[in-house]
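Open the model in your viewer with the sequence panel beside it. The stops below say what to select next and what is there.

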Amino acid sequence: MIIVERTDPHHPQATALLKQSHALMQSLFPPEDNFYLEIDDLVAPNIHFFTARVGDAMLGTGALMVTPEYGEVKSMFVTEAARAKGIAAALLRQIEDTACEEDVSLLKLETGNILHAAHRLYARHGFTECGVFGNYTLGKSSVFMEKPL
């Protein structure tokens, strides 16, 4: 059974997952197109950070950053061995549920242009492409998506 719960990003397993995610993004995209949050930034009061686990093993991360205008999906990552097993979908459902609890009416996200599995996941959950938002710049590697709640 997949359990998604709010977690301190400094938990050793969560930190290890975040470091894996950051290393992957650094290997795929130029520095100017990497917009991930540092681990210390994920403890801000407007951020809800979640992990997904099976048993005691954390297999994925995801976060909701609440802004006055929208909620932003951040730090979505699932270990390679656990992909295509419902982990990312469970995390995204928790993020959406939390956004609704926070009275967020619109979710937005930025993802990499070559992360096709992520695009499919977000599309299955009702996200569609949109324009650049927030403090982002229109980089050659970014895809922006949104979903009204």
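Two strands pair if DSSP finds at least two bridges between them. Helices (H or I, at least four residues) and strands (E, at least two) are DSSP runs, numbered from the N terminus. This is a predicted model, in which local features need pLDDT of at least 70 and side-chain atom pairs count only at pLDDT 80 or more, while totals for chains, interfaces and linings use all residues. Residues are numbered from 1 along each chain as its sequence is written, and side-chain values use heavy atoms, with hydrogens and water left out.

**Stop 1: the sheet**

Colour the strands. Seven of them form an open sheet with mixed pairing, in the order β1-β2-β3-β4-β5-β7-β6. β1 (2-6) and β6 (128-129) are at the edges with a single partner strand each, so one side of each has no neighbour in the sheet. Strands of a sheet pair through backbone hydrogen bonds, either parallel or antiparallel.

**Stop 2**

Select strand β2 (residues 47-54) and strand β3 (residues 57-66). The two run antiparallel and are joined by eight bridges. They form a hairpin with two residues between them, and Gly-55 in the turn has a positive phi of about 65 degrees. In β3, Leu-64 is the residue opposite His-48.

Buried means under 20% relative accessible area, exposed over 50%, and partly exposed in between (1.4 Å probe, protein chains only). Nine of the 10 residues of β3 are buried, so the rest of the structure largely encloses this strand.

**Stop 3: β4 and its two partners**

Move on to strand β4 (residues 71-78), where seven of the eight residues are buried. β4 pairs with β3 in the antiparallel sense over six bridges, and the two form a hairpin with four residues between them. Select Leu-64 again: its bridge partner in β4 is Val-73.

With strand β5 (residues 106-112), β4 pairs in the parallel sense over three bridges. Gly-71 has Leu-107 as its bridge partner in β5, and Val-73 stands opposite Leu-109 in β5.

**Stop 4: salt bridges**

A salt bridge is a side-chain nitrogen of Lys or Arg within 4 Å of a carboxyl oxygen of Asp or Glu. By this rule the model has five salt bridges.

- Show Glu-5 and Arg-53, whose closest N and O atoms are 2.6 Å apart in a salt bridge. Glu-5 is in strand β1 and Arg-53 in strand β2, so the pair links distant parts of the chain, 48 residues apart. Glu-5 counts as partly exposed, at 28% relative accessibility.
- Show Glu-32 and Lys-140, which form a salt bridge at 3.8 Å, N to O. Glu-32 is in the loop between α1 (12-28) and β2, and Lys-140 is in the loop between β6 and β7 (142-148), 108 residues apart. Lys-140 counts as exposed because its relative accessibility is 65%.
- Show Glu-96 and Lys-147, a salt bridge with the closest N and O atoms 2.8 Å apart. Glu-96 lies in helix α2 and Lys-147 in strand β7, so this pair ties together parts 51 residues apart in sequence. Both residues, Glu-96 and Lys-147, are buried.

**Stop 5: Asp-33**

Select Asp-33, in the loop between α1 and β2. Is Asp-33 buried or exposed? Asp-33 counts as buried because its relative accessibility is 7%.

**Stop 6: a negative patch**

Finish on the surface. Which residues gather in a patch of negative charge there? They are Asp-97, Glu-101, Glu-102 and Asp-103. Patches are made of residues with over 30% relative accessible area and no salt bridge, like charges being joined within 9 Å and nonpolar side chains (Val, Leu, Ile, Met, Phe, Trp, Tyr) within 5 Å. Lys and Arg count as positive and Asp and Glu as negative, with His and the chain ends not counted. Glu-101 lies in helix α2 (residues 87-101), and at 62% relative accessibility Glu-101 counts as exposed.

Terms used:
Areas by Shrake-Rupley, 256 points an atom, 1.4 Å probe, with all protein chains shown as cover. Charge placed at Lys NZ, Arg CZ, Asp CG, Glu CD.
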